[in-house]
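Good morning, and thank you for coming.

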Amino acid sequence: MKTIGLVGGMSWHSTATYYRMINEQVAARLGGHASAKISLQSLDFSEVRDCQVRGDWDGSAALLADAARRCEAGGADLVGLCTNLMHKNFGALEDAVSVPAVHIADAVAAVARREGWTTLGLLGARWVMEETFYADRLATHGISVVVPDEAGRDLVDRVVFDEITQGVFRDESRAAYVEVMRDLQERGADAVVLACTEIGLLVGADDAPLPVVDSAVAHASLLVDLALAPALTPA
């Protein structure tokens, strides 16, 4: 089994989900007392959030790169960044380590391609929805995106940072997200990607009016696939 490096803490709520899901999947696949080998660096989100608000992407890149190096120093054979938005700095993280870095959008794309979905509604932080770094990565897999209108983007972003990344989950926010999803469906989305790793804690597949790709689940699953591949290959 390879050791999975996790750069988390953005926020810790979804990082806890990663830790649980990865260990559950390893236990289910290997049985017995098996659990995952994990090298975790959990950042202080307030420092990263300050960089986001000030537009200091070089500063956040330095934080992530340093955390990735510490993961590798702790024995990581591959590294995952437990947040969608901070994949804006994925290049800096990838360059900081000598082991593979696993992009969350590649994991999302693998699910979409398996299901035959070519157009995904995109819900996440404002930068994820409005900039191209995330959509461009999906496009390399032949997948296009639909984003909410301006009012929808405002709503989704506000709930991300004012509520769910602080552990607040409101029924009215869940209902509002569902309405945004309905609009994305009407505009041609085959499925919706929860491109903030906390959104799945608010809106589940049973709530959504169309199929859902939970980016945290997809990413954790791909990390486990890669970590266990050598052990599952016959000699």
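Helices (H or I, at least four residues) and strands (E, at least two) are DSSP runs, numbered from the N terminus. This is a predicted model, in which local features need pLDDT of at least 70, side-chain atom pairs count only at pLDDT 80 or more, and totals for chains, interfaces and linings use all residues. Residues are numbered from 1 along each chain as its sequence is written, and side-chain values use heavy atoms, with hydrogens and water left out.

Consider the first pair. Helix α8 (residues 150–162) packs with helix α9 (residues 171–186) at an angle of about 145°, their axes being 10 Å apart. Contact means heavy atoms within 4.5 Å. On α8 the contact is made by Gly 152, Leu 155, Val 156, Val 159 and Val 160, and on α9 by Ser 173, Ala 176, Tyr 177 and Val 180.

Now to helix α3 (residues 57–73). Which residues of α3 are buried? Buried means under 20% relative accessible area, exposed over 50%, and partly exposed in between (1.4 Å probe, protein chains only). They are Trp 57, Ser 60, Ala 61, Leu 64, Ala 65, Ala 67, Ala 68 and Cys 71. Seen down the axis, these buried residues fall within an arc of 165°, so they line one face of α3; the arc is that of the directions from the helix axis to the C-beta atoms. On the other side of α3, Asp 58 and Ala 73 are exposed. Just after α3, Gly 75 takes a positive phi of about 105°.

Finally, His 103 lies in the loop between β4 (101–102) and α5 (104–115). His 103 is buried, with a relative accessible area of 4%.

How values were computed. Axes are lines fitted to C-alpha atoms, for helices over the stretch in contact, and angles run from 0 to 180 degrees between N-to-C directions.
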